[in-house]
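Please look over the structure below before reading on.

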Amino acid sequence: MRTFLAHVELSNPITTAAGCASSGRELAQFFDLHRLGALTTRSITMAPRAGRPTPRMAETPSGMLNAVGLQGPGIDAFLERELPWLAQRGIKTIVSIGGGTVAEYSELARRLADAPGVTALEVNLSCPNIEDRGRVFAREGSAAAEVIASVRSIMRYDVPVVAKLAPDVADIVAVARACVDAGADALSMINNPLGMAIDTEALRPSLAAVTGGLSGPAILPLAVRCVWQVHAALPGVPLIGMGGVMTGRDAFQLVLAGACVVGVGTALFHDPYACLRIERELEDLLRARGFQRLADAVGLAHRPPGSAPRHLLVDIEESTP
C-alpha cells in the first residue's frame, strides 16, 4: 500500500481532505494518526477568519453543501500551536494554504518554508482573486500558474508543492498543465464544485451565502472524470484524487483513473473512522484482484482492454529463462 507523492513516501494512499479534519486533534481522539498516509490540514490563511455566516452547511440527497469560508486561526496561531502538535508526533502533514492575492500565497509559503513538520504544501486555488474582480484563481490557467510559480520559488526544494484544482472550468487539463509548467510537483483534484439548494419551507436559499461547495457521493463521477483526463494528458504527474469517496471501491475507481493518493472528506462527518475503513477496503480489493502493489493499479484503466497489470508482466519477465 506504499505510495509516493512526488519524492515523499507515504505508508498508504489515504489522506484527509482539507477542511474535513481541522488540524488533526479531533481525529486523534478516535485513532492513531500514524495510520493515515498523511493528514491534510484545513486551508490556512494569513489572518484569522471567522468564516461565513450561518447557516453554512446543508444536506443534499447525495451529499452536502457547505460555505464555511476557510474558517481558521491564521498562520501565526497555526505555526504556534497546530503544526508543532503534529510535528512532535511525527505525523506526515500536508499543509493547505489559501489566499486572496499572489502576495498572500507567497507570504504563507515564506512562513512555512522553514517550519518543521511540513511534508507537502497544498495550494488551494479555489479562492477569489481580490485583485482581479474576485475571479477564482483555479478557473484560469495563467492566474493559477502565477500563484504556483511564486510558491514554488519560495518553498524549499524537498517539500512538494501540490496545486489543488477545481472542476468548474472549461478545460481542467489546460489548468493542470499550466500549474505543472509553473513548478507544481503534484496535483490535487477535485475541490468542491459550486452548488445551491433552496429551502422550500423558508422559501429562501438554504445557505446564508446562497451558493456553496457540493461534496459527497454526487461528485464522485466528476472527480473520476477529472483525474482520468489529467492522468491521460500528464501521466508522470502524481495525483491526489478526491471527491465523494465513501468506500474502498470509490477510492479504487480514482486509483484506476490515475490517482496515487486518495483524499477522504465528507465521509468523516458521519464516520470518524472512515479513512481507516476505506484504506482496509481498498487493500482487500487490490488483494482480491491479484495486485501485489498499489502502484500496479494506478492508472491501470487507461491500458488497452485485456492487457495484463504491470506486476503480472514483471512476474512473467522474471520467470522467463
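The protein chain has a mean pLDDT (the predictor's confidence in each residue, from 0 to 100) of 93, and 95% of its residues reach 70 or more. Over residues 310-321 the pLDDT is below 50, and this stretch has nine contacts (heavy atoms within 4.5 Å) in the model beyond near neighbours in sequence. Where pLDDT is low, the predicted coordinates should not be read in detail.

This is a predicted model, in which local features need pLDDT of at least 70 and side-chain atom pairs count only at pLDDT 80 or more, while totals for chains, interfaces and linings use all residues. Residues are numbered from 1 along each chain as its sequence is written, and side-chain values use heavy atoms, with hydrogens and water left out.

Four aromatic pairs are found in a search of the whole structure; rings of Phe, Tyr and Trp (its six-membered ring) pair if their centres lie within 6.5 Å, with planes under 30 degrees apart counted as stacked, over 60 as edge-to-face and the rest as tilted. Two of the pairs are listed here.

| Pair | Centre to centre | Between the planes | Type |
|---|---|---|---|
| Phe30 and Tyr273 | 5.7 Å | 80° | edge-to-face |
| Tyr105 and Phe137 | 5.5 Å | 90° | edge-to-face |

Phe30 is partly exposed, with a relative accessible area of 37%, and Tyr273 is partly exposed at 40%, whereas Tyr105 and Phe137 are buried; buried means under 20% relative accessible area, exposed over 50% and partly exposed in between (1.4 Å probe, protein chains only). Ring pairs also link Phe30, Phe31 and Tyr273 into a cluster.
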